[in-house]
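Open the model in your viewer and keep the sequence panel beside it. The tour goes stop by stop: select, look, move on.

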Amino acid sequence: MSKKVLIIEDNNDIRENVVEILELAGYKVFEAANGRVGVELAINNIPDVILCDIMMPELDGYGVLYMLNKNPVTATIPFIFLTAKAERIDLRKGMEMGADDYLTKPFDDMELLNAVESRLKKREAQQSFYSKSLDNLNLLLTKNKGLTELKRVIDERKTRQLKKNQVLYYEGDKGNGLYLVVKGRIKSTKMAEDGRELMTGIYTSEEYIGVHSFLSNETYSETATALEDSLLCLIPKDQLDELLNLYPDVAREFIRVLANNIREKEEQLLQLAYHSVRKRMAEAMLRLNRQYTCNAESFKISREDLAAMAGMATETVSRTLSDFKDEGLIDKKGSVITILDPARLSKMRN
């Protein structure tokens, strides 16, 4: 079956040339002369790759990417910006929003074909990796052998790649399902009335995000952002509703996850209310240390994220880290922290 490509470009000559090249290469091509039509075509046809100009009438390329990222069906489609040389300075914005690649005009036939083919190959590799990383979810499903409805959740799963610092969803957004972290780390944050950011959780491989919003049928109560390049699985809300109604074992699993999240947040609130600065910093670093299973001694985190996690000012973080380093508890090089004496840190938080 031919792969589908959507080209969104207001320049007729460029658009027609791209369509001709891709069709000759065996792709099925859809075309749009502006962003608004492009979004409609993407939703109605679900292409395998999207090529999109930045500067366009009615809805520019940034708007197209934003609209498609908000829709769980189109959020995982590889997205390539087409940009003139004069616009390359604006590419950082597009890449931070989640674009996968870009082509600079004018480009030749091979540049176009290589960009499309490389995105398709990378997506297939991610899906293969993702399939091997769902052990926990598969174990949950095999408890109900022969239940085709549960198998459908696995067969129709969708993945989404986030770049470092890219937002998965904002506080107040409507929940569209449940996310499972396949690879990477995601932080959840809330904004205090005084404008300070408080980190409420860090989610790593095989952990769920958005459980509370899904089970309570409410908007997201936190903002979720990638701490590093990450890969996530989206299980759409309608599939989950059906799954939970039919199979109590699955419902109990998500209730257990929610209960654990609530317990962790209660412990965090107690620490913020009653622990000293040193105790809070020790607890935050030990918590981060536990999440780096590949390297149990070192982890990387910005001063701002550590401040949000420990509930203190960045200046206080700097002073406390300097004290810990002087006392031989840690070593710090840039944003990489190495715990030298975990036993003493553990005693400090008690």
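Start with threonine 189, which lies in strand 9. Strands here are DSSP E runs of at least two residues, helices are H or I runs of at least four, and both are numbered from the N terminus. Threonine 189 is buried, at a relative accessible area of 4%. (Buried means under 20% relative accessible area, exposed over 50%, partly exposed in between, with a 1.4 Å probe and protein chains only.)

A word on the model before you go on. It is predicted: local features need pLDDT of at least 70, side-chain atom pairs count only at pLDDT 80 or more, and totals for chains, interfaces and linings use all residues. Residues are numbered from 1 along each chain as its sequence is written, and side-chain values use heavy atoms, with hydrogens and water left out.

Now show the neighbours of threonine 189. Leaving aside residues up to four places away in sequence, threonine 189 touches Glu197, Leu198, Met199, Thr200, Glu222 and Thr223. Contact means heavy atoms within 4.5 Å.

Two strands pair if DSSP finds at least two bridges between them.

Select strand 9 (residues 186–191) with strand 10: 6 bridges pair them in the antiparallel sense. Lysine 187 stands opposite isoleucine 202 of strand 10. Then select strand 9 with strand 12. These two run antiparallel and are joined by 4 bridges. Serine 188 has alanine 224 in strand 12 as its bridge partner.

Next, pick methionine 199 in strand 10. Is methionine 199 buried or exposed? It is buried, with a relative accessible area of 1%.

**The helices**

Which helix packs on helix 13 (residues 314–326)? Select helix 12: the two pack at an angle of about 100°, with their axes 9 Å apart. Axes are lines fitted to C-alpha atoms, for helices over the stretch in contact, and angles run from 0 to 180 degrees between N-to-C directions. Helix 12 is therefore roughly perpendicular to helix 13. (Angles of 65 to 115 degrees count as roughly perpendicular, under 35 as roughly parallel, over 145 as roughly antiparallel and the rest as oblique.)

Show the side chains in this contact. Helix 12 brings Arg303, Glu304, Leu306 and Ala307; helix 13 brings Thr314, Val317, Ser318 and Leu321.

**The rings**

Select tyrosine 169 and tyrosine 220. They form a stacked aromatic pair, 3.5 Å centre to centre with 10° between the planes. Rings of Phe, Tyr and Trp (its six-membered ring) pair if their centres lie within 6.5 Å; planes under 30 degrees apart count as stacked, over 60 as edge-to-face and the rest as tilted. Tyrosine 169 is in strand 7 and tyrosine 220 in the loop between helix 8 (211–216) and strand 12 (223–226), so the pair ties together parts 51 residues apart in sequence. Tyrosine 169 is buried at 6% relative accessible area, and tyrosine 220 is buried at 3%.

Last stop: select Tyr62, Phe79 and Phe81, which ring pairs link into a cluster.
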